[in-house]
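Take a look at the structure below.

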2 protein chains.
Amino acid sequence: MSETTGPTEYEARAKKLDAVDELAAKRAEFVLDETVYLDGNSLGALSVAVPGRMADVVGRQWGELRIRSWTEGGWWTAPERIGDLIAPLVGAAPGQIVVGDSTSVNVFKALVAAVRMAEEGRDEIVVDAGTFPSDGYIAESAARMTGCTLRPVEPAEVPGALSGRTAAVLLNHVDYRTGRLHDLPGLTAAAHAAGALAVWDLCHSAGALPVGLDEHGVDLAVGCTYKYLNGGPGSPAYLYVRHDLQDRFDSPLPGWNSHAEPFGMRSAYEPASGAVRGRVGTPDILSMLALEAALEVWDGVTVEAVRAKSLALTDFFLECVDAYVPEGRVRSVTPEAHEERGSQVALRCDGAGEVMKRLIERGVVGDFRHPDVLRFGFTPLYVGFADAERAARVLAEVLDEVHARS
Amino acid sequence: MSETTGPTEYEARAKKLDAVDELAAKRAEFVLDETVYLDGNSLGALSVAVPGRMADVVGRQWGELRIRSWTEGGWWTAPERIGDLIAPLVGAAPGQIVVGDSTSVNVFKALVAAVRMAEEGRDEIVVDAGTFPSDGYIAESAARMTGCTLRPVEPAEVPGALSGRTAAVLLNHVDYRTGRLHDLPGLTAAAHAAGALAVWDLCHSAGALPVGLDEHGVDLAVGCTYKYLNGGPGSPAYLYVRHDLQDRFDSPLPGWNSHAEPFGMRSAYEPASGAVRGRVGTPDILSMLALEAALEVWDGVTVEAVRAKSLALTDFFLECVDAYVPEGRVRSVTPEAHEERGSQVALRCDGAGEVMKRLIERGVVGDFRHPDVLRFGFTPLYVGFADAERAARVLAEVLDEVHARS
């Protein structure tokens with residue numbers, strides 16, 4: 001009997017926690033099954049509003065109205081309109097975010113523009129040494145094309161690495177591998193104190209925790225929309241350019257969509273005012289309008305409530321793992337301190353690839369990141385405490401098997 | 001009676017031409033109504049295969065399989081797989097085209113890579129003086145970021161403008177305003193003779209006429225997919241990099257999707273081999289798979305048959321306009337010679353904006369381009385000769401009204 005005492009206790013607690021969860025009703029706004037889906041930090045689940053909207057966008061807006069939808073259907077203004085829907089989720093006033101292109105392309109725009117806005121003579125870009133690789137590759141290209149040097153630095157050491165040479169600092173708000181939340185207010189202030197611009201990648205934080213772009217004076221930011229914003233596979237990314245920097249935003253990708261008069265068809269480029277200056281080519285309407293529909297789940301939800309549940313979920317999951325998994329079989333690389341934790345738990349273990357494969361076969365979907373990391377993302381809008389308990393329980397079973405086998 | 005003789009004659013001829021049109025059955029593969037849709041050179045019509053495919057992509061692939069679709073559903077390899085579907089339409093062998101990003105972003109990749117492939121010391125980019133504006137803005141940025149000078153030259157004068165300084169030449173295969181088809185084989189050969197690379201924008205030719213990229217030794221090419229390829233609003237563009245240049249293709253946007261080992265999550269960039277080197281960030285799956293479904297209409301269709309019908313359609317339309325519209329009211333800026341004509345007819349007239357507005361009200365949809373151009377695009381897969389006759393007839397009526405009013 002003693003062997004089942006643990007599970008029963010945590011299952012019972014999960015039930016109670018789910019019963020008082022103020023976001024619990026949101027789960028019904030997503031298409032979900034009995035799977036415990038802890039991969040929303042890679043691809044968010046489908047919101048029930050999306051299929052009908054897409055049928056309308058394809059069948060009526062494209063199929064029947066065709067070209068008229070560019071004006072009558074609001075296609076043309078979708079990048080800035082949807083940017084304004086994302087704005088409150090990242091603490092930005094309207095008019096500073098534009099949706100379009102991939103995160104990598106937006107990192108390029110933001111970094112090149114940051115270097116061009118920096119004081120004359122600053123020729124170094126500091127980048128988070130543990131950055132998501134694509135940001136690093138693009139930063140290298142931005143440095144090469146602006147005559148800068150790229151300097152990788154661990155986020156905690158960034159303040160000491162800044163100098164009069166630093167033009168811009170590119171940081172990830174949450175580390176994609178460990179789930180560590182970096183100190184956006186402090187590091188932004190440090191960059192500013194050194195006279196550099198702060199560029200943040202919000203891929204793993206937007207929609208999971210408060211960002212406070214305006215409040216903390218962030219200069220430029222980018223993020224994807226297919227993780228905690230549930231925009232769909234490869235849905236367009238976004239670019240934030242702080243209001244007072246927009247007139248100096250000098251894009252390396254000045255497409256016709258960012259022209260002051262896009263249909264004037266002028267041969268000389270004259271940049272538009274405002275966030276639309278971050279646009280490039282024709283916006284990808286199907287993906288963009290799927291995202292717009294997906295963002296409706298945020299009606300009546302505050303990021304603060306999401307953050308509170310996220311921390312409760314990851315706390316509870318870590319507690320269950322601690323209770324179910326024999327010591328030494330996994331090691332959490334996600335910080336225990338709330339102020340350093342994003343919305344995912346990353347556990348290192350031997351044979352992580354095989355472990356994740358078996359977890360998925362048993363209906364607990366997380367993902368594996370090279371070389372030995374199991375990632376479990378907790379999307380508070382549709383993941384509950386019973387999911388967290390079950391994930392930990394199945395993880396313990398799978399580790400038992402894999403351990404026994406070896 | 002003599003006043004109706006003309007219309008009756010052309011209506012009868014249209015009927016006969018439609019009856020023997022070998023592509024006529026293709027029209028049933030599109031969602032169309034009684035509108036004469038001559039704006040497929042801006043946004044292609046919806047193919048009937050697309051709504052069902054999108055419902056599956058959204059509901060099942062995203063909604064049910066979620067993250068598994070990246071591997072099991074073929075999402076990850078979509079950019080190169082769909083590139084290979086476009087390849088035969090532009091005369092390219094497989095493995096040279098990758099789909100993704102906007103045309104503008106691809107122009108940037110292609111031009112910067114071209115300059116980097118050019119001989120040391122070449123520091124000039126020649127661009128079509130009448131280019132679609134976005135290509136010109138992006139070319140200016142590519143020049144600025146590679147230390148080159150941008151030199152706008154009329155396509156016909158390009159051969160004489162080339163020199164030992166020319167690194168690359170960016171040209172539009174068909175002029176977006178006039179519908180003029182430029183001499184791709186001749187201008188490519190001229191660029192090569194001068195030691196420069198030839199980069200072509202195929203937006204207004206791919207899917208409407210033979211391009212022959214491989215045959216004519218084009219170096220790099222880009223194009224959109226929402227015009228004659230009917231991919232949907234803002235569907236992703238494509239990039240062609242000739243086989244033997246791929247190893248030297250040095251992208252200014254080296255995102256993780258172009259890494260030799262994208263899931264290795266390495267901090268050092270190592271480019272993949274082949275066309276995938278042109279990829280950047282996470283591909284936009286909804287739009288990309290809509291395009292894939294739309295490309296099914298090309299089954300059993302040759303570009304040569306499309307070209308023959310396109311020329312017959314534009315010839316017939318010009319003949320009807322000539323017959324119906326009193327001399328002097330409109331002036332065609334589309335070349336009469338077949339070898340200089342794309343798949344659109346551009347007519348200049350006074351009050352073009354008002355004229356197009358009235359045409360659209362009467363069910364003849366073309367578009368207006370600043371300052372005085374009426375554009376009529378002929379998509380041979382779904383436009384027939386009766387459409388061409390009706391468009392000319394309604395145009396004559398509208399010009400009568402507008403003329404009488406002024």
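**A sheet and an interface**

Start with one pair of residues: Leu347(B) has Leu374(B) as its bridge partner, and that partner sits in S13(B). Keep in mind that this is a predicted model.

Now widen the view. Strand S10 of chain B, residues 344–348, runs antiparallel to strand S13 of chain B, residues 373–377. Five bridges join them. Strands of a sheet pair through backbone hydrogen bonds. Here the open sheet has four strands, in the order S9-S10-S13-S12 (chain B), with antiparallel pairing. Strand S9 (331–332) and strand S12 (367–369) of chain B are at the edges. Each has a single partner strand, so one side of each has no neighbour in the sheet.

Two helices lie across these strands. Helix H10 of chain B, residues 352–361, lies across S12 and S13 of chain B, at about 35° to S13(B).

Next, look at where the chains meet. In chain A, 74 residues are in contact with 73 residues of chain B. Together the two chains bury about 5900 Å², and 66% of that is on carbon and sulfur atoms. On the chain A side, Trp62(A), Arg66(A) and Tyr137(A) lose the most area to chain B.

What links the two chains? There are four salt bridges between chain A and chain B. The side chains of Asp250(B) and Arg144(A) form a salt bridge, at 2.6 Å from N to O. H5(A) gives the most to the side of chain A that touches chain B: eight residues. By class, that side has 40 nonpolar, 22 polar and 12 charged residues.

Definitions and conventions. Residues numbered from 1 in each chain as written. Chains lettered and ligands numbered in written order. Predicted model: local features only at pLDDT ≥ 70, side-chain atom pairs only at ≥ 80, totals over all residues. Heavy atoms only, no water. Pairing = 2+ DSSP bridges. Contact = heavy atoms within 4.5 Å. Axes fitted to C-alpha atoms, helices over the stretch in contact; angles between N-to-C directions. Buried area = accessible area lost by both parts, 1.4 Å probe. Nonpolar A, V, L, I, M, F, W, Y, C, P; charged D, E, K, R; others polar.
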